[in-house]
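Here are a few exercises to work through with the model open in your viewer. Try each task before you read its solution.

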Amino acid sequence: MTLRPEYSLGHSAYNDFLFGPLGSDASGIDLTVLSALTRLDLDPWQEAARLAALPREEAVEALARHIARLPGHPWTAIEVVKIAARLIALLPKGAVAAIPQTREMREAARAAAAASRSSTSASTSASTRPRASLSTWIAWAALAVALCVLILQFMPDGTLGSSDRRSPERPTRAA
């Protein structure tokens with residue numbers, strides 16, 4: 001069974017580059033360009049497109065800077081440049097067509113962009129903050145009552161007062 005298009009990566013001209021091995025990091029985990037760029041909080045496909053559009057020497061320098069920024073990388077400066085040159089050679093030359101997207105993916109991207117724009121404008125305006133409804137307040141009140149009842153159940157004398165107070169002793173009657 002094959003994946004639906006929106007769940008598959010598709011074939012990208014950048015796949016050889018993105019899945020190219022970088023080596024192992026200081027903890028022994030094998031890295032690819034994809035995982036390294038993700039660790040640096042960069043979009044791997046956008047960065048691959050940007051590097052592919054640069055002249056090769058500039059692309060090698062840019063990728064080497066990215067590799068050097070990886071936390072705890074075990075490579076020397078010379079090794080970083082060699083790794084970058086090897087990986088940049090895997091990039092296609094010139095502009096490449098974008099990965100085709102399904103209609104659902106385009107609509108989801110538009111909705112996410114619209115939500116991002118509306119959330120930034122909503123955060124600047126205090127009047128657009130959601131207010132608690134009556135049902136929310138009733139739920140909180142019910143929770144408070146339930147908590148009080150639970151506390152009373154666990155008190156030895158059934159009151160909220162201190163249980164170590166002793167009641168005055170009554171005189172006993174002689175028969």
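**Exercise 1.** Find what Glu 47 is in contact with, leaving aside its neighbours within four places in sequence, and decide whether Glu 47 is buried or exposed.

*Solution.* Keep in mind that this is a predicted model.
- Step 1: go to helix H3, where Glu 47 sits.
- Step 2: skip the neighbours within four places in sequence, and you're left with Leu 37 and His 66 as contacts of Glu 47.
- Step 3: look at the polar contacts. The Glu 47 side chain makes one with the side chain of His 66, at 2.9 Å, and a polar contact of 2.7 Å links it to the side chain of Arg 50.
- Step 4: check the accessibility. Glu 47 has a relative accessible area of 8%; buried means under 20%, so Glu 47 counts as buried.

**Exercise 2.** Now take the view from His 66: which residues is it in contact with, again leaving aside neighbours within four places in sequence?

*Solution.*
- Step 1: find His 66 in helix H4.
- Step 2: list its contacts beyond those neighbours: Leu 37, Leu 40, Leu 42, Glu 47 and Arg 50.
- Step 3: apply the cut-off again. At a relative accessible area of 10%, His 66 is buried too.

**Exercise 3.** Work out how H3 and H4 cross and which residues meet there.

*Solution.*
- Step 1: start with the axes, which come within 8 Å and cross at roughly 145 degrees.
- Step 2: pick out the residues. H3 brings Glu 47, Arg 50 and Leu 51, and these meet Ala 59, Ala 62, Leu 63 and His 66 of H4.
- Step 3: sort this contact by class, and you get four nonpolar, one polar and two charged residues.

**Exercise 4.** In the largest nonpolar core, which residues touch the most other members?

*Solution.*
- Step 1: the core has 27 residues, and Phe 17, Leu 22 and Ile 67 are the ones to pick.
- Step 2: ask which elements give two or more residues to this core: they are H1, H2, H3, H4 and H5. H4 supplies the largest share, six residues.
- Step 3: zoom in on Phe 17. Not counting residues up to four places away in sequence, it touches Val 33, Ala 48, Leu 51, Leu 63, Leu 87, Ile 88, Leu 90 and Leu 91.

**Exercise 5.** In what sense do E1 and E2 pair?

*Solution.*
- Step 1: trace residues 21-24 (E1) and 30-32 (E2); they pair in the antiparallel sense over three bridges.
- Step 2: spot Gly 23, opposite Leu 31 in E2.
- Step 3: follow the hairpin through the five residues between the strands, where Gly 28 has a positive phi near 90 degrees.

Key:
Residues are numbered from 1 along each chain as its sequence is written. This is a predicted model: local features need pLDDT of at least 70, side-chain atom pairs count only at pLDDT 80 or more; totals for chains, interfaces and linings use all residues. Side-chain values use heavy atoms; hydrogens and water are left out. A nonpolar core is a set of buried Ala, Val, Leu, Ile, Met, Phe, Trp, Tyr and Cys residues joined through side-chain atoms within 4.5 Å. Buried means under 20% relative accessible area, exposed over 50%, partly exposed in between (1.4 Å probe, protein chains only). Helices (H or I, at least four residues) and strands (E, at least two) are DSSP runs, numbered from the N terminus. Contact means heavy atoms within 4.5 Å. Axes are lines fitted to C-alpha atoms, for helices over the stretch in contact, and angles run from 0 to 180 degrees between N-to-C directions. Ala, Val, Leu, Ile, Met, Phe, Trp, Tyr, Cys and Pro count as nonpolar, Asp, Glu, Lys and Arg as charged, and the others, Gly among them, as polar. Two strands pair if DSSP finds at least two bridges between them. A polar contact is a pair of N or O atoms within 3.5 Å; within protein, one must be able to donate a hydrogen and the other to accept it, and residues adjacent in sequence count only if both atoms are side-chain atoms.
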